[in-house]
Amino acid sequence: MNLIVKKIVVCLLFVLAMSCSTDDGMDPVSFVILPVENAIVPTEFERNETYDIYVEYLRPTSCHGFNDIYYMSELNERTIAVVATKFEGNNCTRIDALTEASFRFKATTEDSYIFKFWQGEDDNGEDQYMIVEVPVVD
């Protein structure tokens, strides 16, 4: 191997090794479930068609960012919530920004689907849901 190529390979390996360091000075990250404030769901589905379903949630601080949609399926029920990444830091500001996210849903074998949008817990720690049932037509 040419000496210049060897030096480039060694430099690239060094840079790669440094980028894998676990002590990068970044704040710790955690994941939190955020309640759904509102959902936009069709009034009916056509079988085997795919739909966009929109959820609105409050982004509480500047340190919260959208990560994913929590989606659990059991028979014809779908439980939905928003998963946010929370960056633990001192520079967070309260924003309570109404934010939108969406996911794709395909209506298949069921005659109706029940969406349970998680809206947080009540004073007794019981989960609260906005429940929307959507019929499927052929």
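Reader: What makes Phe45, Tyr51, Phe105, Tyr113, Phe115 and Phe117 a cluster?

Author: Ring pairs link these six residues. Rings of Phe, Tyr and Trp (its six-membered ring) pair if their centres lie within 6.5 Å; planes under 30 degrees apart count as stacked, over 60 as edge-to-face and the rest as tilted. This is a predicted model, where local features need pLDDT of at least 70, side-chain atom pairs count only at pLDDT 80 or more, and totals for chains, interfaces and linings use all residues. Residues are numbered from 1 along each chain as its sequence is written, and side-chain values use heavy atoms, with hydrogens and water left out.

Reader: How many aromatic pairs does a search of the whole structure find, and why is the pair of phenylalanine 45 and phenylalanine 105 called tilted?

Author: The search finds nine aromatic pairs. For phenylalanine 45 and phenylalanine 105 the centres are 5.1 Å apart and the planes are at 40 degrees, so the pair is tilted. Phenylalanine 45 sits in strand β3 and phenylalanine 105 in strand β7 (residues 94-106), 60 residues apart. Helices (H or I, at least four residues) and strands (E, at least two) are DSSP runs, numbered from the N terminus.

Reader: Why is the pair of phenylalanine 45 and phenylalanine 115 called edge-to-face?

Author: Their planes stand at 70 degrees and their centres are 6.0 Å apart, so the pair counts as edge-to-face. Phenylalanine 115 lies in strand β8 (residues 112-121), so this pair ties strand β3 to a part 70 residues away in sequence.

Reader: How do you know that phenylalanine 45 is buried?

Author: Buried means under 20% relative accessible area, exposed over 50%, partly exposed in between (1.4 Å probe, protein chains only). Phenylalanine 45 has 0%, so it is buried. Phenylalanine 115, at 0%, also counts as buried.

Reader: Why does valine 41 count as buried?

Author: Its relative accessibility is 18%, so valine 41 counts as buried. Valine 41 lies in the loop between β2 (36-40) and β3 (45-46). Leaving aside neighbours within four places in sequence, valine 41 is in contact (heavy atoms within 4.5 Å) with Ile53, Phe115, Phe117, Val132 and Val134.

Reader: What makes aspartate 111 and arginine 47 a salt bridge?

Author: A salt bridge is a side-chain nitrogen of Lys or Arg within 4 Å of a carboxyl oxygen of Asp or Glu. Here the closest N and O atoms are 3.3 Å apart. Aspartate 111 lies in the loop between β7 and β8 and arginine 47 in the loop between β3 and β4 (50-61), so the pair ties together parts 64 residues apart in sequence. At 59% relative accessibility, aspartate 111 counts as exposed. Arg47, Asp111 and Asp138 are linked in a network of salt bridges.
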